[in-house]
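Here is a short report on how two chains of a model meet. It then turns to confidence and to salt bridges.

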Amino acid sequence: MVACIEGRNVSLTFRPPNRGPVRALQGFDIDVQDGEFLSIVGPSGCGKSTFLNVVLGLIKADSGDVLMRGKPIAGPGTDRAMVFQEFGLLPWRTVLNNIELGLELKGVPAGQRRDVSQRFVQMVGLSGFEGHYPHELSGGMKQRVGLARALATDPDVLLMDEPFAALDAQTRDVMQVELLRIWHEAKKTVLFVTHQIEEAIYLSDRVMVMTKRPGHAKKIFAIDLPRPRDYEMRVTPEFNELKLQIWHALKDEITV
Amino acid sequence: MSESRTIKAALASSDELAAPGKSLWHRIEPAALGIGSIVALLVVWELVPRLITLSAGTKLFFTTPSQVAGTLWRLFATGEIWTPLGVSASGFGLGLLLSIVVGLPLGVLIGRSRTLNDMIDPFITAFNATPRLVFLPLVMLWLGLGLWSKVLIVFIGALFPILINTYEGVRNADKVLINVVRSFGAKEWDIARLVVVPNAMPYIIAGLRLAIGRAVLGVVVAEFFGSESGLGVMMVQAAGRYQVDVVFSGLIIFAVLSLALTAMVQILEQRLSRWRPVHVSE
Amino acid sequence: MQNAGAPRESFLERHRKVLLGLLAVLLFFAAWQAAFLVVPFNPLFISKPNLIAKAFVDLIADGDMLRDLGVSAMPFLYGFVSAAVVGIVVGIVMGWRVRVGYALDPLMTVFYATPLVALAPLVIVFFGVGVSGKAIIIFSLSVFPFIFNAQAGVRAVDRLLINVVRSLGGSEWDLYVKVIVPGVLPYIVAGARIAVGRALIGILVGEFFAASEGIGYAIARFGDLFALDKMFACILAIMVIAIVLTEGIRWAERAAFPWRVGR
């Protein structure tokens, strides 16, 4: 069976001007199955976000293969969409117009775009805020817009780059619950990058721990907790056992 | 930059003064003092020749606000102002328009390409430091006394504020937003249209405000030294004939034009910036 | 192997901006020079770099240019220095005394928006084409940046810092030396940078108009004589002076107020 997303021996080095080269990824392997929710946790700067950008098609790996359904990724495409950590909303566009962005660039006619984006406004629970500008929204609402925008183009894969890192703790918990609801509804493959072990376990089918830079897979944990998951699951012994195991895998990689 | 900071500082200190209980006067004090000083200046100016006997030589160069007002009225009532005003306005308008048409795309281009930026930077630094007026004799040599030398002088005066501000605004474009639209398959043109230009808009408008001032200066000077008609020509001729009231009338027309245009740009800015929580002070 | 290639690459990379800029300037002059080989330009209307360079050297060698620059420098200095003194004093008073600020703000704004240069003909007719007429034009153009910036600088002085110095037992003198002057000075120097440009406009206006000597007059006269090489040489001299003055002040700002870098 062909994996949805496949990375084989991926290496990538950044060459920033006026500084030495930074090796972000080396010998990185990954398989993401169709419909799977896979999280990557790793220390800061381990290249996990970099890999997401490679899958998105914004950067190219120096060597190795990155495949989507067996075909090499050559650039951005409508089969993948990203939810960004800093939301990345165009401040001069309303909620509705922000959600339409991807459809607009795809060349979908205006009337049709309106219908689609309206539907996703409802899905992420933003009805009534269609005409608001981003600066009028809370952080959680902004990321709902970011999520709706990514979903609107109907991609197969949703890439999420620490999407809740900029939110406060309570909003974050609420958004995690919301994300699972939407994931069930939209049935997408999700590749999720985060710092938070608990968030990774709660959301995912599998959790990958990465090494420090240059990053590669250290260990993969299967999360066999039943779905649908509720908030109370976070205090069960099984959950805490996983949390401890992942922490042990991760802690040697963290340098302060 | 300093202007907006001044305004903010003024607002802050007026808030401090307007302590609760202190009433009406404290709210209208700034305006009252501001208008008061202008009125006082005009009154003193008006009274000078009535209270002091001016020498004949000085009298020749002296006018009063009431005389200037009368002359302004006459210039408009007889309609003799319209021809020179039209000539000046067309030179001003064409030059400014040209500077926008050239400065905007060029600014975007330089802002988007590091190589181009590095190559053009010395030229921009050099021309921006140099008073563009230095090229006036050359421009007159090339284009003669007509409309087009005026247009060119206005153009090179107004170009740099627009170019530099556009370029600053473009360079300031949010990298994340650029990645967002690229991730949806945007080409360079889409990036400019969707992210770079809207982001640069406040800068561009600030540049436009500066450009208006430069353009007015360009028209005035170009007409002083090389033109057959226009407001500036009218003023030079009047100065030669000691018609000081006509000189001041021209000055006031220029001032009103430049203030009115600046105000229009400000209105445009407010309409275009509904999406912004607070106004960016360039 | 990687190490051997690295330093060379980083040298190019480090000086990329300067090298590219230099390259572009050289290309510009080369293209200008080469254009004459292709197009038969009328030498009465345009000159080429090698002739301009020669004219530049000649004008310096026979002392003409330095004499003209010297003539222009006097009114420039008088006008600029008096604009600085008056502007700084007025600006500081406007910033410090709130009511004075209220009273003069609108007036100054109106003056600033008015193209005062339009009064040049009148000034010249009244004061003549000598030093005083030019100095007055320069003063009226360059006084406003000093006023506005000194005022903004005083208003931007951090009240908290004043309280800090007072609470630490600082005297009124300490307040001035340690808080107010370091706070206001950067604004004034930035104002001076803007004022230099406007003062240069003033000298040109004054001398184009009706002068018999000075660098502005030289440019106009060489134009009338179709001596394009000399005209360009004088334009070049003005450009060099303008760049040296503006960039010099910018450099001084960076050197003297490193904490303001990035503004």
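**Where chains B and C meet**

In this predicted model, 56 residues of chain B are in contact with 59 residues of chain C. How much area is buried between chain B and chain C? The figure is about 5,200 Å². Carbon and sulfur atoms give 79% of that area.

Charged and polar pairs also link the two chains. The count between chain B and chain C is 4 salt bridges. One of them joins the side chains of C:Lys17 and B:Asp118, at 3.4 Å from N to O. Polar contacts between chain B and chain C number 7 residue pairs, with both residues at pLDDT 80 or more.

Which elements of chain B give two or more residues to the side that touches chain C? They are α1 (2-17), α2 (24-51), α6 (114-129), α7 (136-143), α10 (188-225), α11 (231-240) and α12 (244-272) of chain B. Of these, α6(B) gives the most, with 11 residues. The table sorts the residues on this side of chain B by kind.

| Kind of residue, chain B side | Count |
|---|---|
| Nonpolar | 40 residues |
| Polar | 10 residues |

**Confidence in chain C**

Chain C averages a pLDDT of 86. In chain C, 94% of the residues score at least 70. Among the elements of chain C, helix α4 (residues 64-96) has the highest mean pLDDT, at 93. Helix α1 (residues 2-14) of chain C has the lowest, at 54. Over residues 1-8 of chain C, the pLDDT is below 50. Beyond near neighbours in sequence, that stretch has 0 contacts in the model.

**Salt bridges across the whole structure**

Now widen the view. Over all chains, a search of the whole structure finds 39 salt bridges. In chain A, the side chains of A:Asp156 and A:Arg69 meet in a salt bridge, at 3.3 Å from N to O. Why does this pair tie together parts that are 87 residues apart in sequence? A:Asp156 lies in the loop between α5 (139-152) and β7 (157-161) of chain A. A:Arg69 lies in the loop between β4 (63-68) and β5 (71-72) of chain A, so the pair ties together two parts that are 87 residues apart in sequence.

Conventions: Residues are numbered from 1 along each chain as its sequence is written. Chains are lettered from A and ligands numbered from 1 in the order in which they are written. Side-chain values use heavy atoms; hydrogens and water are left out. Contact means heavy atoms within 4.5 Å. Buried area is the accessible area (1.4 Å probe) that two parts lose on being put together, summed over both. A polar contact is a pair of N or O atoms within 3.5 Å; within protein, one must be able to donate a hydrogen and the other to accept it, and residues adjacent in sequence count only if both atoms are side-chain atoms. Helices (H or I, at least four residues) and strands (E, at least two) are DSSP runs, numbered from the N terminus. Ala, Val, Leu, Ile, Met, Phe, Trp, Tyr, Cys and Pro count as nonpolar, Asp, Glu, Lys and Arg as charged, and the others, Gly among them, as polar. pLDDT is the predictor's confidence in each residue, from 0 to 100.
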